[in-house]
Protein chains: 2
Amino acid sequence: MTAPPVRIALLGAGTVGAAVARRLVGRADLYERRTGRRFELAGVAVRDTARPREGIDPSLITDDAETLVDRADVVVEVMGGIQPARALVERALRRGVPVVTANKQLIAQHGPALHALADEHGTSLEYEGAVVAAVPVLSVVREALAGDVVTAISGVVNGSTNFVLDLVARRGVPFEEAVRQAGELGYLEADPTEDLEGLDAAAKIVILARAAWGVPVTLEDVQRRGIADLTDEDFRQAAGAGTVIKLVASAWCRGSAGHRRVEVAVRPVALPQDDPLAQARESANVLIIEAESAGTLRLQGAGAGGDETASAVLGDIVRVVRRG
Amino acid sequence: MTAPPVRIALLGAGTVGAAVARRLVGRADLYERRTGRRFELAGVAVRDTARPREGIDPSLITDDAETLVDRADVVVEVMGGIQPARALVERALRRGVPVVTANKQLIAQHGPALHALADEHGTSLEYEGAVVAAVPVLSVVREALAGDVVTAISGVVNGSTNFVLDLVARRGVPFEEAVRQAGELGYLEADPTEDLEGLDAAAKIVILARAAWGVPVTLEDVQRRGIADLTDEDFRQAAGAGTVIKLVASAWCRGSAGHRRVEVAVRPVALPQDDPLAQARESANVLIIEAESAGTLRLQGAGAGGDETASAVLGDIVRVVRRG
């Protein structure tokens, strides 16, 4: 007897959801070879069922997310926002169904409670796609460095602000004009507060700090300053000193077990030109992980994008199914 | 009742073995928290028991590797060379005991047969430490990109030759003199053939190609040219063209399932100055992984060193124990 198919519920059909749906269908044979199970897209829950969704079988579209969750073997949440995402994720976990999400704010705000719920019901919660898209930093911190001791993490983890800073630093575009251009090119949301104030970067570094040290760091713990109040004078001074301003997210751990103190910060830093973080161009993301034995590891790649985030989401799905 | 300790047999007490032994003891509490099991160094097999081994309890030293393997829950092979490493690894796998190794040539030459043996006996064979030390490239290819399709891998994966090439390119040291200096500084072995002829890099790219595409690539498939026959004239020409010569290992896949063709090569390549591989300084290792959805990922870190390799070996041990 062959194993039954894995029914996957997809919550959300935005840029990431559409990419996940397309790949689940297009790579069905590949995933079957890799896991021994056939992946079946059981349905796609959206708010507006009238809107056409290119590449998704219309018969799969539903606005009844709860019923979809209740008949799934794996729930993939890529709708974003806190509600109804949180209630649906909790609903799945309570049923013992594993959840894969790319929802950064949900995990940053409610990750520990959701993990506890998953543990209680003997299932798992995965979110590689919530942090720096395709750059597998969570996997490196939790799996590859499972035998090591991470001492610090720092990175350029917000592509939108980096695009702005790079325009100013390398093209000499005035700061306000660079923000405007980034908006026009789609690098910044209509309301760019989450990027410019460092809230997006703060959510990512909080998730990473928890993964590295297992401590209940919250968004309130982040020493946060965004780039919104930078002036052209700041950039002139930085350039004059041979430095480059980057929005750096960092987390570090002092002390040892029992007396550990983890600090997290997001702030603009003037870096020497040859610093690895200074070399992040356009919307690239770069992460530096320091570990006791491994030394300095550097990871770099696309920190955003539908297909790039889908890569991480799909990796989580395959691993969840492999574990059975 | 608490779980019984995990008895770990260590085969080899060279630079990597000594670092693994020291960390197993020093991080015993950490590993117990991470896995729920106490790690116990059951013994350390060496050829010369008379030689003092700093930091290793003398009562653990033995020259009876077979008996040690027979009473272990996990076998860690860091002795290097093909025999007796291969026989001991096979002995463990036949007993159903998982093996962690950092032995690049053993895996490059006998990996598929050893994997088959592990499968047959329901156990596992892990070797993150065999490829680029602490840079978790196997983990990224096999785990993080489990939902994606890797299309190409390329890298500077031999720190010794890169040290030589970097001395020539950035310090203007004549090639033969650079080879001599690298030897004196310990970057090259007394017999540097394995590095200079690209054999070390070939073993690494073969292991990576197998991990990425599940194909039985062998060392004989590698289109290999080392750096031994480069001349100062080659370096002058490269510099004149604004390029940098690097020893690049690469693997790429053409076609799709059923008609796949994987090619592997190691050869000196003149790269533009701003190529990520051109920027590998001294003995650094840099890997570029191209995947269909993730795009371009870059990983960088120490490709050699006792503690750096131990980081990977210890990560494999923790994961093996977690899986139970």
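Student: What is the relative accessible area of E282(A), and how is it read?

Tutor: Buried means under 20% relative accessible area, exposed means over 50%, and partly exposed is in between (1.4 Å probe, protein chains only). E282(A) has a relative accessible area of 40%, so E282(A) is partly exposed. This is a predicted model, in which local features need pLDDT of at least 70 and side-chain atom pairs count only at pLDDT 80 or more, while totals for chains, interfaces and linings use all residues. Residues are numbered from 1 along each chain as its sequence is written, chains are lettered from A and ligands numbered from 1 in the order in which they are written, and side-chain values use heavy atoms, with hydrogens and water left out.

Student: Where is E282(A) found in chain A, and what is its phi?

Tutor: Helices (H or I, at least four residues) and strands (E, at least two) are DSSP runs, numbered from the N terminus. E282(A) is in the loop between β10 (261–272) and β11 (284–291) of chain A. Its phi is near 45°, a positive value in a residue other than glycine.

Student: Is V132(A) buried or exposed?

Tutor: V132(A) counts as buried because its relative accessibility is 1%. V132(A) sits in the loop between β6 (125–126) and α6 (137–144) of chain A. Phi of V132(A) is near 55°, which is positive in a residue other than glycine.

Student: Which peptide bond of chain A is cis?

Tutor: Omega is the angle to read: it is near 5° for the bond from Q83(A) to P84(A), which is cis. P84(A) lies in the loop between β4 (74–77) and α4 (85–94) of chain A. In chain B, a cis peptide bond joins Q83(B) and P84(B), with omega about 5°. P84(B) is found in the loop between β4 (74–77) and α4 (85–94) of chain B.

Student: How many helices and strands does chain A have, and what is its radius of gyration?

Tutor: Chain A has 12 helices and 12 strands. The radius of gyration is taken over C-alpha atoms, and the globule rule is 2.2 Å times the number of residues to the power 0.38. With 324 residues, a compact globule would be near 20 Å; chain A has 20 Å, which agrees. The C-alpha trace of chain A spans about 70 × 50 × 35 Å along its principal axes. Of the 324 residues of chain A, 56% count as buried.

Student: What domains does the assignment give for chain A?

Tutor: Domain bounds come from an automatic or database domain assignment. For chain A it gives domain 1 (6–133 + 307–323) and domain 2 (138–302). The centres of domain 1 and domain 2 of chain A, taken over C-alpha atoms, are separated by 27 Å. Contact means heavy atoms within 4.5 Å. In chain A, 16 residues of domain 1 are in contact with 17 residues of domain 2. Among contacts in chain A between residues at least 6 apart in sequence, 68% join residues at least 24 apart.

Student: Where does A21(B) lie, and which residues does A21(B) touch?

Tutor: A21(B) lies in helix α1 (residues 15–26) of chain B. It counts as buried, because its relative accessibility is 2%. Not counting residues up to four places away in sequence, A21(B) touches L10(B), L41(B) and I56(B). C-alpha to C-alpha, A21(B) and L314(B) are 9.8 Å apart in space and 293 residues apart in sequence.
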